[in-house]
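Hello,

Here is the structure I promised to pass on. Have a look at it first, and then read on for what turned up.

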Amino acid sequence: SPPPPPPPPPSPPPSPPPRPPASSTSPAVAPAPSPVAAPEFLFRDDFDGAGLAALDRSSWNVEVNCNGGGNNELQCYVDSQDNIDVRDGMLHITARKESNGRVTSGRLTTEGKVEIAYGRWEARLRVPGVLGTWPAFWTLGNDIGEISWPACGEIDIMENFQRAPPDRSGESLYSTAHSAKHSWGTGTAL
C-alpha cells in the first residue's frame with residue numbers, strides 16, 4: 001500500500017486588521033498636560049537680606065532665656081547676630097561656647113504671629129551632626145498656653161538627636177506626633 005500523503009503545510013498567521021484611514025473619527029493624540037499651578041503659600045520666608053536685622057520680626061519671635069527650653073537644655077537662647085544670622089537666602093542658627101563657658105544659641109518661633117491649621121510645611125535644613133546638639137523643625141498647637149503640652153499637640157517634622165552611647169549611638173533623625181494620648185512623656189509617641 002502506498003504511504004499516506006504528507007500533511008498540509010501550516011497556515012500562515014492571520015494578517016493584522018487593516019488600519020483605518022486617517023479621518024476626523026480616528027483617535028486623537030492627547031494634548032500635553034497643562035502646567036501645574038504654583039502652590040499657594042500660607043506662610044513663606046525666603047530669608048532675603050543680610051544680618052539679624054533682615055529677620056522678619058512680624059513673622060518670627062526670637063526667644064531670649066536660659067530656662068532649658070522644656071527639655072533641660074543647657075544653652076541660653078539669645079538675640080544676637082553671633083547666633084542668628086540671615087545670609088545667602090538662608091537662616092543660620094549657630095550654637096557657640098562663649099569665653100565664660102556658657103553655651104548660647106538661637107531659638108525662633110512664629111507663636112502668635114503665624115497660625116495654620118492645615119497644610120504642608122516644607123523647609124531645606126542642614127543640621128550640624130555634632131554630639132550634644134538637638135536641632136529641630138516642629139509645629140505646636142496654638143493653644144499651648146491654655147491646655148499645656150502635649151494636649152495642645154505637636155508635630156516634630158524633623159528632630160536630629162546627637163547623643164553618645166549607650167543612650168543613643170550617633171545620629172538619629174525623627175518625625176514624631178504628640179497629643180494628649182500619645183507623647184514621649186508617656187512613652188507612647190507616634
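**What was found**

W121 is partly exposed, because its relative accessible area is 34%, where buried means under 20% relative accessible area, exposed over 50% and partly exposed in between, with a 1.4 Å probe and protein chains only. Before going further, a word on the source: this is a predicted model, in which local features need pLDDT of at least 70 and side-chain atom pairs count only at pLDDT 80 or more, while totals for chains, interfaces and linings use all residues. Residues are numbered from 1 along each chain as its sequence is written, and side-chain values use heavy atoms, with hydrogens and water left out.

**The aromatic rings**

What does W121 pair with? A search of the whole structure finds 3 aromatic pairs, and one of them is formed by F43 and W121, which are tilted, with 6.5 Å centre to centre and 50 degrees between the planes. Rings of Phe, Tyr and Trp (for Trp, the six-membered ring) pair if their centres lie within 6.5 Å; planes under 30 degrees apart count as stacked, over 60 as edge-to-face and the rest as tilted. This pair links distant parts of the chain, since F43 is in the segment before β1 and W121 is in the loop between β7 and β8 (136–140), 78 residues apart. F43 has 22% relative accessibility and so counts as partly exposed. F43, F47, W60 and W121 form one aromatic cluster.

**The core and its neighbours**

The largest nonpolar core has 8 residues in all: F47, L52, L55, W60, V62, I84, V86 and L108. Such a core is a set of buried Ala, Val, Leu, Ile, Met, Phe, Trp, Tyr and Cys residues joined through side-chain atoms within 4.5 Å. Not counting residues up to four places away in sequence, W60 touches F43, D45, F47, L55, L108, T109, T110 and K113; contact here means heavy atoms within 4.5 Å.

T109, one of those neighbours of W60, lies in strand β7 (residues 108–109). T109 counts as buried because its relative accessibility is 15%. With residues up to four places away in sequence left aside, T109 touches S59, W60, N61 and E63. A polar atom of the T109 side chain also lies 3.5 Å from the backbone nitrogen of E111.

**Strands and sheet**

Overall, the secondary structure of the chain comes to 1 helix and 10 strands; helices (H or I, at least four residues) and strands (E, at least two) are DSSP runs, numbered from the N terminus. From the N terminus on, the order of elements is β-β-β-β-β-β-β-β-α-β-β. Of the 190 residues of the chain, 23% count as buried. Among contacts between residues at least 6 apart in sequence, 47% join residues at least 24 apart.

An open sheet is formed by 3 strands in the order β2-β6-β5, with mixed pairing. Its edge strands are β2 (76–77) and β5 (96–97), each of which pairs on one side only. Two strands pair if DSSP finds at least two bridges between them. Strand β2 and strand β6 (residues 103–105) run parallel and are joined by 2 bridges, and Y77 stands opposite S105 in β6.

Elsewhere, β3 (residues 84–87) and β4 (residues 90–93) pair in the antiparallel sense over 4 bridges, with R87 opposite M90 in β4. Their hairpin has 2 residues between the strands, and D88 there takes a positive phi near 55 degrees.

**The disulfide**

Which cysteines are joined? The structure holds 1 disulfide, formed by C66 and C76 with their sulfur atoms 2.0 Å apart; the cut-off for a disulfide is a pair of cysteine sulfur atoms within 2.5 Å. C66 is in the loop between β1 (61–62) and β2, whereas C76 is in strand β2, 10 residues apart, and the pair links distant parts of the chain. The torsion about the S-S bond of C66 and C76 is about 120 degrees, so the disulfide is right-handed. C76 counts as buried because its relative accessibility is 8%. C152 is also buried, with a relative accessible area of 10%.

V78 sits in the loop between β2 and β3 and is buried, at 15% relative accessible area. The C-alpha atoms of V78 and C66 are separated by 8.6 Å.

Best wishes

Note on methods. A polar contact is a pair of N or O atoms within 3.5 Å; within protein, one must be able to donate a hydrogen and the other to accept it, and residues adjacent in sequence count only if both atoms are side-chain atoms.
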